[in-house]
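Open the model in your viewer and keep the sequence panel beside it. This tour goes from one selection to the next.

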Amino acid sequence: MAIRKIVKLGEDDVLRKHCRKVDKFDKRLHVLLDDMADTMYEADGAGLAAPQVGILKRVVVIDVGEGLIELVNPEIIASEGTQMCIEGCLSVPGKRGKVERPAIVRVHAQDRDGNHIELEGEEFLANAICHELDHLDGVIYVDKMLEDVTDQYGEDVE
Ligand code: NI
């Protein structure tokens with residue numbers, strides 16, 4: 001397990017690329033997932049996507065305070081409603097923005113061993129899922145931001 005360097009927006013175009021699907025559920029993937037979780041917790045984040053550590057694979061980790069969630073090849077298969085979210089991103093330090101997201105999302109993904117799983121998230125978890133999945137297609141929340149609210153909300157919340 002190791003802390004990896006988080007790529008910041010503007011440093012590297014890896015954040016703007018589409019990630020490849022994972023087809024090998026091997027030791028290498030497990031190390032990546034372990035390192036991503038370590039890196040997310042170390043940075044006090046609620047989620048991290050593989051391109052943020054320079055890896056173009058469809059892999060994200062999320063923890064909104066309810067335990068670690070690992071999603072490999074995730075896809076949103078249903079969504080419902082809308083919510084207004086205040087987002088930040090470990091790749092865009094010091095910024096906060098208002099983004100509209102679905103209120104509830106249902107996700108199909110695989111776990112670290114390739115088993116198919118489904119997960120439903122609402123509120124902050126739905127928010128985190130949408131934010132992290134966007135990273136897999138090179139989308140950063142600032143692209144969708146309705147308003148920059150850095151001044152109102154400060155810099156230190158993820
Ligand atoms: Ni992010």
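Which residue in E5 is the bridge partner of Glu87? Select Glu87 and look across to Gly97, its bridge partner in E5.

Before going on, note that this is a predicted model, in which local features need pLDDT of at least 70, side-chain atom pairs count only at pLDDT 80 or more, and totals for chains, interfaces and linings use all residues. Residues are numbered from 1 along each chain as its sequence is written, and side-chain values use heavy atoms, with hydrogens and water left out.

**The sheet around Glu87**

Helices (H or I, at least four residues) and strands (E, at least two) are DSSP runs, numbered from the N terminus. Two strands pair if DSSP finds at least two bridges between them. E4 and E5 pair in the antiparallel sense over five bridges. Now show the whole open sheet: three strands in the order E4-E5-E8, with antiparallel pairing. E4 and strand E8 (147–148) are at the edges; each has a single partner strand, so one side of each is left without a neighbour in the sheet.

**The nickel ion**

Next, select the nickel ion. Its donors are Cys89 (SG), His131 (NE2) and His135 (NE2), at 2.0 to 2.2 Å. Donors are N, O and S atoms within 2.8 Å of the metal (3.2 Å for Na, K and Ca); water is not among the atoms, so sites may look incomplete. Cys89 lies in the loop between strand E4 (83–87) and strand E5 (97–101), while His135 is in helix H2 (residues 123–135), 46 residues apart.

Are Cys89 and His135 buried or exposed? Cys89 is buried, with a relative accessible area of 4%, and His135 is buried at 1%. Buried means under 20% relative accessible area, exposed over 50%, partly exposed in between (1.4 Å probe, protein chains only).

**The other sheet**

Finally, select the five strands of the open antiparallel sheet, in the order E1-E2-E3-E6-E7. Neighbouring strands here are turned by 40° against each other on average, direction ignored. Zoom in on E1 and strand E2 (residues 59–62), which are joined by three bridges and run antiparallel. Leu48 has Val61 in E2 as its bridge partner. Helix H1 (residues 27–42) packs on this sheet, touching E1, E2 and strand E3 (69–80).

Note on methods:
Axes fitted to C-alpha atoms, helices over the stretch in contact; angles between N-to-C directions. Contact = heavy atoms within 4.5 Å.
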